[in-house]
Amino acid sequence: MTRPGVMLLDAAGPEAGALATAAAARGHQVHAATTAAAYTGYGPELKGLLAGHIVTDFARPGRALAELAAYSRRWGVGAVLTVNEYLTELAAHLCAELGVPGNDPGRAHAARDKAAMAQAFAAAGVRMPYTVLVRDDAGLRAALADPRVGFPCVIKPIAGAGSAGVTVVSGPDGAAEAADAARTVVGMYAGGGDPRVLVQAYAAGTEYSVESLTQDGATTHLAVTRKQVTDGASRVETRHSLPVRLPPAIEAAVYRQVEAAIRAAGIRHGASHTEVIVGGDGRCAVIEIGARLAAGQIGVLIQHALGIDVWAALLDVALGRPAALAPTARGYATVRFVTSSCAGRLTSLSGLPSVGPGVPFVRWRAAIGGPVHEPDANGHRLGSFVVTGADAAEVEERADALLRQIRIHVEPHPNGPGQVSEASTSAIAP
Ligand SMILES: Nc1ncnc2c1ncn2[C@@H]1O[C@H](COP(=O)(O)OP(=O)(O)O)[C@@H](O)[C@H]1O
Ligand SMILES: [Mg+2]
């Protein structure tokens, strides 16, 4: 029997690699759509898994859609997947074009553009922080004076991801700078020059994400994840842990909001990652939704804590086959991200844990001798590792202990004449 081909939009990164591996292991021919520059970064293992690839320009989605549709028809593609936030809209259009299971192309923009998302959420009655779309300086002043916004507030790009350009602003003084920072963040394949930014009321509370899979419009929530982010103006994710058991009434309220958000974003067949903040009063505000599996190793956490093969499940959903979503384990898993507290050049690293019992995943991204940043976006994280086990408290303790063993030395950028530039800092995310 010839199995349908599988098309991955952007095959770079660990999540896409796991999907490609799962699809190839099941006997599917795996194809990648990629940019010329990204393809040069594909390692030999990934290239060995691929039956073929097509180089396209994702910055020109209309043309990319036509090219990918023609390529997919030629190679018998029966499933289209992406874990790349920036390509979820193109994926929905390609699925519709090919007639394979996918999300509603008419709504897919709402999961990518936060202004469209705010409109779609408002129309669907999804609770989200009060949001103003600002186009210029006068609009910014008006938004800051709006009592429904207040301080602190959050200024963010329309189409960013990974916390880049998102600033929590405590008073009017930092707002213009924050708006400039949001404007300078352009999407991965966008040209820039969009003057619009969002100004949003600050939602106080505890941050979670809900990882869901929707098939034929029916949603299964795989896990609630506790997300820890840095304090202060920039909110970089420093750890995720799952599964979280919320009190039943709160869980039900969160799921109601998440399901409304999923429908509003047109998610019919596929994964979603919905970020929420639960306030002290137990009420839930939806911060954003992504029409894709969560990044930040959350797929690995689900796999190890709950025994759900997320990669196989994503594949089945994309092929329109019943997916196995019931947990087969009752464990717990957490990921820790390593950051540097100062910018400079990374001169040494020691104490990184190795993959072994209870530590199924370790990844280091920063090159020795290369630049590091003070973390103001998830992309500035230097590495990560996952810890799993049966007991939540023990897993968290072990992860903290392993994190404390990691030592990085950063030679700070010289700030002016006379500044000593020797390795002087050893800094780990809390
Ligand atoms: N309205 C808000 N209230 C409180 N915190 C927020 C709000 N909006 C964003 N944040 C914080 O900033 C982080 C990044 O914002 P988000 O809207 O999720 O952007 P991105 O798409 O870059 O992830 C969130 O995870 C959260 O910690
Ligand atoms: Mg987010």
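Biologist: What counts as a cavity here?
Modeller: This is a predicted model. On a 1 Å grid over the protein atoms alone, a cavity is a set of points where a 1.4 Å probe fits but cannot get out.

Biologist: By this rule, how many cavities of 30 Å³ or more are there?
Modeller: The largest cavity has a volume of about 250 Å³. The cut-off is 30 Å³ or more, and by this rule the count comes to one.

Biologist: Which element gives the most residues to the lining of the largest cavity?
Modeller: The lining has 21 residues, and Val80, Leu81, Thr82, His269 and Gly270 are the closest to the centre. Strand E4 (77–81), H5, strand E12 (270–278) and helix H11 (310–319) each give two or more. By class, 14 lining residues are nonpolar, six are polar and one is charged. With four residues, the top contributor is H5.

Biologist: Why does the largest cavity lie between two domains, and which are they?
Modeller: The chain is assigned four domains: domain 1 (5–100), domain 2 (130–201), domain 3 (204–330) and domain 4 (333–426). The largest cavity lies between two of them because its lining takes residues from both domain 1 and domain 3.

Biologist: How many residues does domain 3 bring to its contact with domain 1?
Modeller: The centres of domain 1 and domain 3, taken over C-alpha atoms, are 24 Å apart. Domain 1 puts 18 residues into the contact, and the number from domain 3 is 16.

Biologist: Which domains supply at least three residues each to the lining of the second largest pocket?
Modeller: The second largest pocket holds about 600 Å³ of space. Its lining has 27 residues, with Tyr86, Glu89, Arg112, Ala159 and Ala190 closest to the centre. Helix H4 (61–74), helix H5 (88–98) and helix H8 (175–184) each give at least two. At least three residues come from each of domain 1 (5–100) and domain 2 (130–201).

Biologist: Which residue in E8 is the bridge partner of Thr131?
Modeller: E5 and strand E8 (residues 197–201) run antiparallel, joined by four bridges. Thr131 has as its bridge partner in E8 Gln200.

Note on methods:
Residues are numbered from 1 along each chain as its sequence is written. Chains are lettered from A and ligands numbered from 1 in the order in which they are written. This is a predicted model: local features need pLDDT of at least 70, side-chain atom pairs count only at pLDDT 80 or more; totals for chains, interfaces and linings use all residues. Side-chain values use heavy atoms; hydrogens and water are left out. On a 1 Å grid over the protein atoms alone, a cavity is a set of points where a 1.4 Å probe fits but cannot get out, and a pocket is an open set with protein on both sides within 12 Å along at least five of seven lines; lining residues have an atom within 4 Å of a point. Grid points are joined across faces, edges and corners, and a volume is the space filled by probe spheres set on the points. Domain bounds come from an automatic or database domain assignment. Two strands pair if DSSP finds at least two bridges between them. Contact means heavy atoms within 4.5 Å. Ala, Val, Leu, Ile, Met, Phe, Trp, Tyr, Cys and Pro count as nonpolar, Asp, Glu, Lys and Arg as charged, and the others, Gly among them, as polar.
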